[in-house]
Number of protein chains: 2
Amino acid sequence: MRFSKTFIKTLREAPKDETAKNGALLTRAGYIHKEMAGVYDYLPLGLRVIENIKRVIREELNKLDCEEIQMSALQNPEPWEKTGRFSDQEVDIWFKTELVSGGKLGLAPTHEEPITNMLKSYISSYKDLPLYVYQFQTKFRNELRAKSGILRGREFLMKDLYSFHTTEEDLDEFYAKVEQAYNNIFTRLGIGEDTHETFASGGIFSKYSHEFQTFLPVGEDTVYYNSDKSVVLNEEVLNDEVLADLSVKREELSETTAAEVANIFKLKFKYSEPLGLQFGNEDNELKNVYMGCYGIGVSRVMGVIAEKFADEKGLVWPEEVAPYKYYLVGIGENGMMEAENFYKEHEDITLFDDRDARPGEKFADADLIGLPYRIVISDKTLAEGAVELTDRKTGESKLVKLSEIQ
Amino acid sequence: MRFSKTFIKTLREAPKDETAKNGALLTRAGYIHKEMAGVYDYLPLGLRVIENIKRVIREELNKLDCEEIQMSALQNPEPWEKTGRFSDQEVDIWFKTELVSGGKLGLAPTHEEPITNMLKSYISSYKDLPLYVYQFQTKFRNELRAKSGILRGREFLMKDLYSFHTTEEDLDEFYAKVEQAYNNIFTRLGIGEDTHETFASGGIFSKYSHEFQTFLPVGEDTVYYNSDKSVVLNEEVLNDEVLADLSVKREELSETTAAEVANIFKLKFKYSEPLGLQFGNEDNELKNVYMGCYGIGVSRVMGVIAEKFADEKGLVWPEEVAPYKYYLVGIGENGMMEAENFYKEHEDITLFDDRDARPGEKFADADLIGLPYRIVISDKTLAEGAVELTDRKTGESKLVKLSEIQ
C-alpha cells in the first residue's frame, strides 16, 4: 500500500479519554478509531491485523475438520429462555432491543443457545456426529465499564467453536486436540511463550474449564503459577481441594496479572439437555449430545499483542500478525526510483511511505506503526550496492542487497 | 469438502413459514438456517457463497484504490442527531438499545454519519483527498415485515463504499468509475445481463441517484424500461420532467418487477455540511468535502442469484459464486477409489458425496445443491476410460477423461 493513497494518519497524541496503552498506541498509529468506550472501528491497517489473526486461527482449526459458519447477532429469546439465560439477572451484559412488529430481541453475547437449537435440525443420528462448527462473529456485551482499549469491548470480534459428540471419550479426545491447536495458534501469533493454559472453574458438568492466559501487567485476571509454569490457575480456583488435585502447594505459587485470550469448556449436557439436542444411537435410543465450546477473543488478542511488545517508540508486530512485512522509505532521486521498483514487486507485503515528508518523520512513523522491517534505500546505501534493513524488534540495522530481500 | 464430514443436510421440505423461493431452496439445500423472519444463519455452503461474492466485489473495488475498513454496529446518537436521522420518525427502521451505564444507542442501518464523523480526524487538507473507503458490514433494519427470504433482511450483509473529494468533477469522475466497476461485478456474479442501471430519485443535492436493478418476478420494485433497455427508471421518477430529461416517451416503456441489488448516490454536502467535514484548499480556505456513497446488498445478491437461476430440481450457481465447482460421486469399488484420488487433488473446489447412500439420492442432492458440474465415476464409465461430466445449467452430460478436468 502507498501511504499517500491511504487514510493512515499517525497522531502525535492519543485522545485524552484513551487511557489504555493498546488503545492509545493503536489509535495514534492509525489502526483503530474509537466510536465510544469499548466500541472501535478498524482502519485499513487494523483490519489487516484482524484478518491475519483470523487466518492463523482458521488454518489451525480447519486441520481438525472444523467447519466455518456465520450465525446472526439478533437473538430470539426462546432458546435462551429454556436455559434461563435471557434474564438480565442471570446474564447482566445483554443488549436488548425490540421488533417494531412486537417482541423483545437480544444481541448475542455468545452463541451456545442458538447453535444448540439450530443443530436440532441437522443432528438426528449417531451417524451425524461428531461435528465441529465455528465462526468469527461480532459479539455484544453491555459492560458497565470499558476502559481497556480493545482488551474489553462492548462490541468485539470472537472466534467461537462448538463441538458435538456421542460419547464423553470423544469429547475428551477432541478437547485435547483443541488444546494443542490453541498452543499452535498462540505460538504462531507470537505470544506462545507468555500464554499459559490455566485451570479455571468448571460448572455443573465438569470440575474445571481451561483458560489461555497471557501474562500481562494490565491483564484484568489474577493467576498463580509454579516455578516452571507447568501449573497455572486462576485465583477463582485457588483453594485446598484444587491445590491437592494439581499436586502443588500454595507456597510454591507466584501471583501475576494476565489477560484471558481464550477459554475452553467441556459443556457436556449443559445446553443439549434443556434445549433437547439428542441423537439416536445404534440401538435407536435417544441420547443427549455431548458438547464442548472453545473461544478466542480475536480483537482482544490484537490488543494483547499491541500491549505486550510495544516499546517507547511505538508498536512492534510479530511477522504473522503484521499488516505488512516492510516499511519502505526511499531517499534521494535514485533511492526513490529503486523504492518504486521494489514496491511494485512486493506490493502485498509493503507499506511504501511515498509521502512528501522528511526522512526523520518517516522513521518516527515506521517505529510507531511497528512493521517487522524497515527498508531505507538512499543514494548513500546504493553507492555500496545495498539498502538498509532495520529490524523493528531489535533495532539492528544492516546493509543488504535489495535482491536478497524476499 | 467431504459430505460425510459436514453438517450439510438437505431437507425434503422447507419450513412451512418459508414462503420465498430463495429462502425455501437455500434452506432445503443446506445453505442457510432461519433464526426468525429476516434473520438467517449462513451454514458452510452459504458462507462460501457469501465469501465468493465478497471476493469479486473486493477485487473490483481494490482496482480503484478503495481501502477496506470495518466500522462498528453500535451507534452513538450524536452524529445522527446532527443530520436529524436518529429520530424514529425520520428513519423508521432503527433497532435501538441502551447502555447499562446510561445512554441510548442504535444499531447501524447504514454508515454515512459515523464515517463522515470519523473522517474529521483524518481529513484536514486537500492533500488528504480523494479517499475511497469501504466495508463489508452487518446492517440492522427493523422491517415491519420480512417475508422475502434473504432478499430483505432485518440483519443482512452489505458492502458500503464512501468517497470523499475536493471538487464536484472529481466526484463525478469517480462515480463513473464505480458505475463501470459495478457492471463488472454483476457480470462476474452471473447476473450482468439482467441487471440494469436505473434512474431513481436523488435528494437535495442531486436530481437523480442510480440503482442497479435485477429484473426478477419476485422483485419488490417496479421499474420501466425501453426496448433495448438503454433507459431504465424506477416508478418513483416516472413523470413528465424525467421522461423529457431522458428523451423517452411513456408509451415506449414497459413495466416489470425488479430487485435492487445496489445503489449509488452523489451525496455532495448532504452529510459533510451538517457534520462539519471540511478540508483546507490550496489557499487555506475551509471547504465542505464532496461525498458519494455506493452500496451493494451482498446477502440480497445471493438471494437474487438463487431466485433467478433455480429450476424445478433446485439451485443453479454461476461458477464464480458457487461454493464448490464440482459435485463428485463415485459408484462401485473402482469408481469410489478413483473418486477418492480425484478428491485429494481437487479438495478446495470439490464437494465429495462420500455418503453411504444410493446414487439416485446423491444425484437429487447434486441437483438441489446446484454446483456447476457433477462428476460421476463408475465402473461403467471407467471401462470407457472416462468419467461422466454433467453441466447443472444445461443438464448435458458427456464422457471426458478424468485428467482433462481441471
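This dialogue goes through selected features of a predicted model.

User: What should I know about numbering and confidence before I start?
Analyst: Residues are numbered from 1 along each chain as its sequence is written, while chains are lettered from A and ligands numbered from 1 in the order in which they are written. This is a predicted model, where local features need pLDDT of at least 70, side-chain atom pairs count only at pLDDT 80 or more, and totals for chains, interfaces and linings use all residues.

User: Into which domains is chain A divided?
Analyst: Domain bounds come from an automatic or database domain assignment. Chain A has domain 1 (3–309) and domain 2 (326–404). Their centres, taken over C-alpha atoms, are 39 Å apart.

User: How many residues are in contact between domain 1 and domain 2 of chain A?
Analyst: Two residues are in contact if their C-beta atoms, placed from the backbone, lie within 7 Å. Here 5 residues of domain 1 of chain A contact 9 residues of domain 2 of chain A. On the domain 1 side, 2 are nonpolar, 2 polar and 1 charged. For these classes, Ala, Val, Leu, Ile, Met, Phe, Trp, Tyr, Cys and Pro count as nonpolar, Asp, Glu, Lys and Arg as charged, and the others, Gly among them, as polar.

User: How do I read strand pairing, and which strands pair with β19(A)?
Analyst: Helices (H or I, at least four residues) and strands (E, at least two) are DSSP runs, numbered from the N terminus. Two strands pair if DSSP finds at least two bridges between them. Strand β17 (residues 326–331) of chain A runs parallel to β19(A), with 6 bridges. A:Ile331 stands opposite A:Ser378 of β19(A). Strand β20 (residues 387–391) of chain A pairs with β19(A) in the antiparallel sense, over 4 bridges. There, A:Arg374 has A:Thr390 of β20(A) as its bridge partner.

User: Why is β19(A) described as largely enclosed?
Analyst: A residue is buried if 20 or more other C-beta atoms lie within 10 Å of its own, exposed if 12 or fewer, and partly exposed in between; C-beta atoms are placed from the backbone. In β19(A) (residues 373–378), 5 of the 6 residues are buried, so the strand is largely enclosed by the rest of the structure.

User: How do I describe the packing of α1(A) and α8(A)?
Analyst: Two packed helices are described by the angle between their axes and the distance between the axes. Axes are lines fitted to C-alpha atoms, for helices over the stretch in contact, and angles run from 0 to 180 degrees between N-to-C directions. The axes of α1 (residues 21–28) and α8 (residues 298–309) of chain A come within 9 Å and cross at roughly 90 degrees. The two helices are therefore roughly perpendicular (65 to 115 degrees). A:Lys21, A:Asn22, A:Leu25 and A:Leu26 of α1(A) meet A:Gly303, A:Ala306 and A:Glu307 of α8(A).

User: Which residues does a cis peptide bond join in chain A?
Analyst: A:Leu129 and A:Pro130, with omega about 0 degrees. A:Pro130 is in the loop between α4 (112–119) and β7 (131–140) of chain A.

User: How many residues of chain A are in contact with chain B?
Analyst: 43 residues of chain A contact 43 residues of chain B. On the chain A side, β2(A) gives the most, with 4 residues. That side has 22 nonpolar, 10 polar and 11 charged residues.

Notes. Parallel < 35°, antiparallel > 145°, perpendicular 65-115°, else oblique.
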